[in-house]
Every structure is written in structure tokens, then in C-alpha cells.
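Please look over the sequence and the model before reading on.

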Amino acid sequence: KSYTCEFTVNGKVITETAVANILSIAPIGATTDTGSAATVTCIITNSPAVPTNVFWKDSSGDTVVLSNGFSKSENSFNGGTQEAKLVLGTSTIHSDTYYVCVFVVEGTAYEATVSVDHIPIYNIATRPRSASVTLAIAVGINIMIVLGQH
């Protein structure tokens, strides 16, 4: 896209035109529960060139090592657009966190933050009570389910 800047100096109009490539990255986060895998996605658009590198950083700023439950993929660059995905394995998610996708285009790193919301699900108590069983499950709030005698 072209932009023109116009100045008036001592009664004389001076114009200058600049071309700017404005790219954007759309992050798509995930919500998951304990023990479930999740996938986060970033989509770069309006890129003037194919990214020479795509990688992910964790919330500490360290590059994600593609092992221990992590994997990544990118689809083909098409018309200035490319999608990158990071798969978070079941053992990698323990709390709310975020990851940063990084696209390197023409020597410049462009990044976006992608949220992962974690919903803890855990067994509070399971114990027999005479002829009935009480099972409580917490999903952010306490929910009580009572299974009666049949």
C-alpha cells in the first residue's frame, strides 16, 4: 500500500511517497482440561515473502523444543498467507499459559501471543455411604452428583 506525505516548507509543497507492506498475525488460542491435548494456531496474512523460519516460544521466552509432547506444523505459503500450529500434548498443560508464534520474514521476526486456558478437572472425593455413593467433581466450581441405590 502506498502512503503519501505532504509538507509545506516556506510556501513550497514537498511530497514523498512510501510503500508499506502491512502484515498481520491472527492468534487462535485454546481451552483445554487436565490430561487433554490442545492446538494453538497463528495465521500470518499480507506477508510480502515466504517466512524463512517459523517457531514457537513458551511463556518464559524459551524456544519450544519439539519433543516431550510438543509438535508443530505449517501449511504452504499462499498469496501472502501461512498458518502455523503448535500441538500441546496431554502432559504439557498444567495451568493457564501462553505461547508466542514467531514468523521470520525478510530477516525480521514478527510475533503474536496465543493463550491457552486450562480448566482443572479433578476428583475431590469418592467414598461409599451405606447403600449410596457420593462422587464430587470440580470443574472450576464444585458440583455434587449423588448416585442413589437401585
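## The nonpolar core

Which residues have the most contacts inside the largest nonpolar core? In this predicted model, the largest nonpolar core has 22 residues, and those with the most contacts inside it are Trp56, Leu88 and Phe103. Two or more residues of this core come from each of the elements E5, strand E6 (53-57), E8, E9 and E10. In soluble globular proteins, nonpolar side chains tend to be buried together.

## The chain as a whole

The secondary structure of the protein chain comes to 0 helices and 13 strands, and of its 150 residues, 25% count as buried. Among contacts between residues at least 6 apart in sequence, 45% join residues that are at least 24 apart.

## An open sheet and its pairings

An open sheet of 4 strands has the order E3-E5-E8-E7, and its pairing is antiparallel. Strand E3 (24-28) and strand E7 (70-74) stand at the edges with a single partner strand each, so one side of each is left without a neighbour in the sheet. Neighbouring strands of this sheet are turned against each other by 15 degrees on average, direction ignored. Within the sheet, E5 and strand E8 (residues 82-88) run antiparallel and are joined by 7 bridges, and the bridge partner of Ile44 in E8 is Gln82.

## Strand E4 and its parallel partner

Strand E4 (residues 30-33) is joined by 4 bridges to strand E10 (residues 108-119), and these two strands run parallel.

## The disulfide

How many disulfides are counted in the model? The count comes to 1 disulfide, which joins Cys42 to Cys101 with a distance of 2.0 Å from S to S. Cys42 lies in strand E5 (residues 38-45) and Cys101 in strand E9 (residues 97-105), so the pair ties together parts that are 59 residues apart in sequence. The link of Cys42 and Cys101 is left-handed, with -85 degrees about the S-S bond. A disulfide is a covalent bond between the sulfur atoms of two cysteines.

Are these cysteines buried or exposed? Cys42 counts as buried because its relative accessibility is 0%, and Cys101 is likewise buried, with a relative accessible area of 0%. Cys5, by contrast, is partly exposed, with a relative accessible area of 36%.

## An aromatic pair

The count of aromatic pairs comes to 1. The rings of Phe70 and Tyr99 have their centres 6.0 Å apart and their planes at 65 degrees, so the pair is edge-to-face. This pair links distant parts of the chain, with Phe70 in strand E7 and Tyr99 in strand E9, 29 residues apart.

Both partners are buried. Phe70 has a relative accessibility of 19% and counts as buried because the cut-off is under 20%, while Tyr99 is buried with a relative accessible area of 5%.

Terms used: Residues are numbered from 1 along each chain as its sequence is written. This is a predicted model: local features need pLDDT of at least 70, side-chain atom pairs count only at pLDDT 80 or more; totals for chains, interfaces and linings use all residues. Side-chain values use heavy atoms; hydrogens and water are left out. A disulfide is a pair of cysteine sulfur atoms within 2.5 Å. Buried means under 20% relative accessible area, exposed over 50%, partly exposed in between (1.4 Å probe, protein chains only). Two strands pair if DSSP finds at least two bridges between them. Axes are lines fitted to C-alpha atoms, for helices over the stretch in contact, and angles run from 0 to 180 degrees between N-to-C directions. A nonpolar core is a set of buried Ala, Val, Leu, Ile, Met, Phe, Trp, Tyr and Cys residues joined through side-chain atoms within 4.5 Å. Rings of Phe, Tyr and Trp (its six-membered ring) pair if their centres lie within 6.5 Å; planes under 30 degrees apart count as stacked, over 60 as edge-to-face and the rest as tilted. Contact means heavy atoms within 4.5 Å.
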